[in-house]
Amino acid sequence: MPGDDGMAKPKRLGEEEMQACNDRIYAQAMAHKKVVEDQLKQKHVVDLVPVKKLPKKQLDESVDRMYADAVRHKEQVMQRLEEKTVDRTQKKTLDPEAMTGSVERIYTQAIQRKKDVAEKLRAKHMQESTNNKKFSKSDQQASNDRIYTAPMEKRKTTEEKLHDKYIKSTERSFKTMSKADWDTTVSRLSGGA
């Protein structure tokens, strides 16, 4: 049955229908809750195994046996460790002649290795100069000018340019006035008196 705006009016439930609807919704919710609880119990609750209690005498024997086994195991481990460390710490002594020979052999081998390495590096990196050309004084002066004097002059010129550009341009310059200019300025500023 349409209303004034063309829409159907909502159906109103009676008291009995409302109670039946509530009972149905509650029953469905309770059934769902029971299923979920059963699933969680099966998943997380472990069936408890019945605990078997040992008599005091048997319990004491078990504890004594476990303690004795642990002590025996610790003694075996300590003995193995001690054997390993004792074997390593035993020192071998050399007689004086063998000691001297060993030291000389090690020392001479080290010196010889250093000499060999130095010789290889010298051969690799140093070129044998076949002509020992000496520079004349004019060649030396030209080299000095090229290496030292010219770069120094260039650096000084660059510094002067930078000084003129950045320092002198920001300095204030004051004009020096003669006595006559000073008197004229004073009379102008004081009103011509």
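Author: A residue is termed buried under 20% relative accessible area, exposed over 50%, and partly exposed in between. The model discussed here is predicted.

Reader: Why is Asp-60 called partly exposed?

Author: Asp-60 has a relative accessible area of 37%.

Reader: What makes the contact of Asp-60 with Lys-56 a salt bridge?

Author: The closest N and O atoms of Asp-60 and Lys-56 are 3.8 Å apart. The cut-off is within 4 Å, therefore the pair qualifies as a salt bridge. Both residues lie in helix α2, four residues apart, about one turn of the helix.

Reader: Is Lys-56 buried or exposed, and why?

Author: Lys-56 has 63% relative accessibility. Exposed means over 50%, so Lys-56 is placed in the exposed class.

Reader: How do you know that Arg-72 and Asp-69 form a salt bridge?

Author: Their closest N and O atoms are 2.6 Å apart, and the criterion asks for a distance within 4 Å, so the pair meets it. Arg-72 and Asp-69 are about one helical turn apart because they are three residues apart in helix α2. Arg-72 counts as partly exposed because its relative accessibility is 43%, and Asp-69 counts as partly exposed because its value is 35%.

Reader: What makes Lys-168 and Asp-164 a salt bridge?

Author: The closest N and O atoms of Lys-168 and Asp-164 lie 3.8 Å apart. Lys-168, at 49% relative accessibility, is partly exposed, because the exposed class requires over 50%. Asp-164 is partly exposed, with a relative accessible area of 42%. The structure holds seven salt bridges.

Reader: Why can Leu-59 be part of a surface patch?

Author: Leu-59, in helix α2 (residues 56-89), counts as partly exposed at 43% relative accessibility. A patch residue needs over 30% relative accessible area, so Leu-59 passes that cut-off. Leu-54, Leu-59 and Val-63 make a nonpolar surface patch of about 250 Å².

Reader: What pattern does the chain follow, and how many of its residues count as buried, as a percentage?

Author: Along the sequence the pattern is α-α-α-α-α, with five helices and zero strands. Of the 193 residues of the chain, 1% count as buried. The chain exposes about 20200 Å², of which carbon and sulfur atoms supply 57%.

Terms used. Residues are numbered from 1 along each chain as its sequence is written. This is a predicted model: local features need pLDDT of at least 70, side-chain atom pairs count only at pLDDT 80 or more; totals for chains, interfaces and linings use all residues. Side-chain values use heavy atoms; hydrogens and water are left out. Patches are made of residues with over 30% relative accessible area and no salt bridge: like charges are joined within 9 Å, nonpolar side chains (Val, Leu, Ile, Met, Phe, Trp, Tyr) within 5 Å. Accessible areas come from the Shrake-Rupley method with a 1.4 Å probe; for residues, only the protein chains shown count as cover. A salt bridge is a side-chain nitrogen of Lys or Arg within 4 Å of a carboxyl oxygen of Asp or Glu. Helices (H or I, at least four residues) and strands (E, at least two) are DSSP runs, numbered from the N terminus. Buried means under 20% relative accessible area, exposed over 50%, partly exposed in between (1.4 Å probe, protein chains only).
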